[in-house]
Amino acid sequence: MIEAKKISVSIGKKTILNSVSFRLKPHTLTVVVGKNGSGKSTLVSCFAQTKEYTGELLYSGRNILLMSPKERASKIAILPQMLKAPHIHVNELVKMGRNPYLDLAYHMTESDCLAVEEAMNWTSVKHLEASFVDELSGGERQKVYLALILAQDTRVLILDEPTTYMDVNVEADFLKLLVKLKNEKKKTLLVIMHNLNHAVQIADQIIVMDQGKIVFEGSKEECLEKEILENSFHVKRYESEGRLFFESF
Amino acid sequence: MMNKRNVTLVLVLIASMMAGLMFGGASLTIEEVIGGLLKTAAEKYVVIMWNVRLPRVFAALVAGMGLAMSGLLLQSVTDNPMASPNIIGVNSGAGLMTLIVLSFFPKETYLLPFASFFGAFGATLFIVNLSKRLGSSKTTIILSGLALTTILNACISFISLLNPDVVSIYNYFSIGGLSGVSIEELVLPAVLILISFGVTWVLSQKISILCLGDAMASSLGVRVKHLRRIVLICASFLAASVVCFAGLLGFVGLIVPQFARKIAPETMKQTMISTALCGSILVVIADLAGRSLFAPSEIPVGIMMALIGAPFFLMLLIRRKEYD
């Protein structure tokens, strides 16, 4: 469905991404992990077309660079790491998710309204619809933005460190929501994460990046079996109450 | 279509325009104003209305709308509340061209509005092309605008040194004023302002998506750089249209959009309406105050704007700080 072929990004003489290639399996949740500066967020910027790159990003075999912005937005939704908090109502923000399907007059059809409604119900933010985005907590804001990209109604969702501003309880609920999206809505997700414990908790596939290169791509089971995370991040693994945890030496 | 607050603003604008027609060097009654407008009153009232008060109030209305809208658009596309027409070099471009005409073609005063218009628009084209080359980022536009303003102001100072005779005339232009304006010279600016308003009205929903940041807007299918350029051109048209008849009015584009966003934050269209209305109300009242406070002497509207605008702006900053 989604395939990256030899994606490279350079800023001046510095190489940020070096011939990165991978393929996302449909209806799976793939987590990308890597140290700071490994190129994870740059990879997301390439999908958003906000960074110039060489190589190809393909959606069902078609180069997304050759798609119109609206067509691309109807196939891939992206949630960047840094989210703004504008002084607008939550329902106005979620409605923006329908932009790829609307004309200049911005006329919302019944199905557009339904998509917005459903997205807000799915993420449990319906009660916030009349609130201002800049008055929400970090966790609420992240959920509202998730509703926005759900309203976008795409098969692929790419999220860049979506739990950055959340406290522990909200974070756990949010991660469950992502898994639910994959299982019930049959979405294909690519999630950038820095927390290895959360990564192994929700991932089907894991991509490990280091210094702009992919050092591992495969199933979670294979990743654990080969002790890839332990070697890449210099952590030790232990198990407690049926869950895996990683801890620094 | 319009929320209640904007309807209230329409009523306030009508009241302030009416006050603008009634008061000034000489106070008139409502009957005299209406009689003057309908040309049924005595000749002197007709002359006062059609040659002085009506052009003046209309000029204030157009100037307020154009500058406030320009400020709103600049602040939206640059995501910077300090962005205003004088920041990206529009005003300085107009000022330089005005001074060039005054210095080198002093008898060709009819060239002034056209020169200031092309100066302002030239500055915008420069900024748009420079930001295109450098990547159109929000900070790039502001910084390149500041750099251009500095260069243009240096040119203005240099030309003033060469020809000290024009300095006093330029001073009035740089402060901003509406005296001596005629209906005829307002037609072209008003048409350009309406066209720019119309274009941005059509694009308003996409402009509002820009407030989510470039990456989010791009992933929602917005051609960010393309849209930003169109909006910058419209913002320049709006400001330049005003500068060519009112001079360098500074505070309207800076403070009005911030106030208007608080009045009507629901949608970009509502914010646009409240911005245009608040801008018009502010300049109409500032001009009225300038004409009335020390009548028969007159304080240019630019000075009144600074006296009203600066404390208001400080108040907004203090409130924001308290809120934070």
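How many residues of chain B are in contact with chain A? In this predicted model, local features need pLDDT of at least 70 and side-chain atom pairs count only at pLDDT 80 or more, whereas totals for chains, interfaces and linings use all residues. Residues are numbered from 1 along each chain as its sequence is written, chains are lettered from A in the order in which they are written, and side-chain values use heavy atoms, with hydrogens and water left out.

Chain B places 25 residues in contact (heavy atoms within 4.5 Å) with 33 residues of chain A. Between them the two chains bury about 2200 Å², of which 62% lies on carbon and sulfur atoms; buried area is the accessible area (1.4 Å probe) lost on putting two parts together, summed over both. B:Leu212, B:Met216 and B:Leu220 supply 24% of the area that chain B buries against chain A, more than any other three residues.

The polar side of this interface comprises 6 residue pairs in polar contact, both at pLDDT 80 or more. Such a contact is a pair of N or O atoms within 3.5 Å; within protein, one must be able to donate a hydrogen and the other to accept it, and residues adjacent in sequence count only if both atoms are side-chain atoms. On the side of chain B that touches chain A, α9 (204–209) and α10 (214–219) of chain B each supply at least two residues. Helix α10(B) gives the most, with 5 residues; helices are DSSP runs (H or I) of at least four residues, numbered from the N terminus.
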